[in-house]
Amino acid sequence: MDHTHEGFEHLTNVADALEIFLKTVEKHRPKRELQPLASCVGRVLAKDVAASQDLPLFDRSVMDGFAIRSLDVQTTLPSLPIVLDVIGESRLGQDCRTIVKRLQTVSVATGSILPKGADCVVPIEDIFQVSNHRISLTSPVASGQNILHKGEDFSRGKVILEAGQRLRPQDLGALKVLGFAKVHVAAKPRVGVMSTGSELVEKNARMLRSKIVDINRLILLEMVTECGGGGVDLGIVDDDQQSILDALRTALRSCNFILVSGGSSMGQRDLVPECIDMLGRPGMMVHGVAMRPAMPTGLALVNHVPIISLPGVPVSAIFAFRVFGLPMISRLLGAQEVVTATAKAVLSEKVRGVLGYRFFVRVKLYRTERGLVAEPLKSQKSAVLKSMVDADAYFVIPEDVPEIQANEMVEVTLLR
Ligand code: AMP
Ligand code: MG
């Protein structure tokens, strides 16, 4: 696809750009580290984990009630109740040696061991207590009812979690109950984040009109952390070739992936892409992507380290990160997929696309009787940071779609 836009002669479409970029780390195998469970939420599992034992270890009751032999009550009816002798109790936390024989029963609790001889449990609410030692039943119970069989939850030797999965609290619970105290997770890739721009300050204390507060570094470092990377703060660097080269050289020595915001375009002060090219091969592989926002994005590889040259405009930097940074970090982690929650929503009004560009439309979401409704934010300008702050989600208008009509269904990517 050829365009002439703001000095870019050629724009690469998003899909091609992403493929070219991710290919650079095809052979990457993340290092792994053994970590205690409590620090592993969100971490990526580095090895398959198989159940080390059957769980439960014994047949258990899943109800408070009475363990019985289904055979004994096969013929019971409301007019023909069957009376059983209560011969004991299977208590939580205690072993149970009692054996249930014909017309006998043992009281059980949720989670307690099913006594030998019994093959099902009648919930307490379904019996009639005749006396302290006798209960009666008026309907049959099928064998296996209200029981969790040995190995029914986790079966010894079966893989329960696969390499590449991001660990959730419930996964950690399963690991703990199976006896694991630590688990092998992918080491966090070191992701360097640098802001470039001579106008940038950490804090505009005197509220000078000419200065711009650097917010990309904060935003990008937080997004890196959120998706499982290890952020490395590389500070603010002036628009000066030597300064940028020095900062990038230092970063290349210590980082697995580098994000440089600002100076990515074709202006006289946009020095980042040429600096990247001076540092090693292959250098810039894509410069200019057919997307809005974030068209002046550059994708590069230097000494096996992938680099994104992100536009300085914060909203654009955020989209450049979401589209190229997130999947790259997932790759570096050996993660199975990128975590982005999506939903279907009805579009509230017609939205025009930008032919030839992948257009990212920021929306607010409302819950209504007809389901989720997506309302495009009034301003879609990349210069409007509030459009990102107010956005609950965004959806994509593909390159070849001129417009999406009101009431059409769109798939939104959630931002909260
Ligand atoms: P650039 O991509 O360097 O041409 O910058 C485009 C616009 O984004 C300019 O107005 C910059 O001042 C602004 N900008 C660049 N970097 C940052 C940053 N780190 N934080 C906030 N604004 C920035
Ligand atoms: Mg700049």
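Predicted model: local features only at pLDDT ≥ 70, side-chain atom pairs only at ≥ 80, totals over all residues.
Local features need pLDDT of at least 70 and side-chain atom pairs pLDDT 80 or more, whereas totals for chains, interfaces and linings use all residues. Residues are numbered from 1 along each chain as its sequence is written, and side-chain values use heavy atoms, without hydrogens and water.

The largest pocket holds about 640 Å³ of space. Of its 19 lining residues, Met-223, Glu-226, Arg-322, Leu-414 and Leu-415 are the closest to the centre. A pocket is an open set of points on a 1 Å grid over the protein atoms alone, where a 1.4 Å probe fits, with protein on both sides within 12 Å along at least five of seven lines; lining residues have an atom within 4 Å of a point. The lining comprises 14 nonpolar, 1 polar and 4 charged residues. Helices H3 (216-226), H6 (314-333) and H7 (386-389) each contribute at least two residues to this lining. Helices are DSSP runs (H or I) of at least four residues, and strands (E) of at least two.

The model has 19 salt bridges, each a side-chain nitrogen of Lys or Arg within 4 Å of a carboxyl oxygen of Asp or Glu. Arg-168 pairs with Asp-171, with the closest N and O atoms 3.1 Å apart. Arg-168 is partly exposed at 42% relative accessibility, while Asp-171 is buried at 5%. Buried means under 20% relative accessible area, exposed over 50%, and partly exposed in between (1.4 Å probe, protein chains only).

Glu-349 forms a salt bridge with Lys-378, the closest N and O atoms lying 3.9 Å apart. This pair links distant parts of the chain, 29 residues apart: Glu-349 is in the loop between strands E24 (342-347) and E25 (351-352), and Lys-378 in the loop between strand E27 (371-376) and H7. Glu-349 is partly exposed at 34%; Lys-378 is exposed at 72%.

Asp-392 and Lys-364 also form a salt bridge, with a closest N and O distance of 3.9 Å. They too link distant parts of the chain, 28 residues apart, with Asp-392 in the loop between H7 and strand E28 (393-397) and Lys-364 in strand E26 (358-368). Asp-392 is buried at 11%, and Lys-364 is partly exposed at 24%. Salt bridges with shared partners join Glu-202, Asp-214, Arg-217 and Asp-233 into one network.

On the surface, Val-83, Phe-128 and Val-130 form a nonpolar patch with about 270 Å² of accessible area together. Patch residues have over 30% relative accessible area and no salt bridge; nonpolar side chains are joined within 5 Å, like charges within 9 Å. Val-130 lies in strand E10 (128-131) and is partly exposed at 42%.

Definitions and conventions
Chains lettered and ligands numbered in written order. Areas by Shrake-Rupley, 256 points an atom, 1.4 Å probe, with all protein chains shown as cover. Points joined across faces, edges and corners; volume = space filled by probe spheres on them. Nonpolar A, V, L, I, M, F, W, Y, C, P; charged D, E, K, R; others polar.
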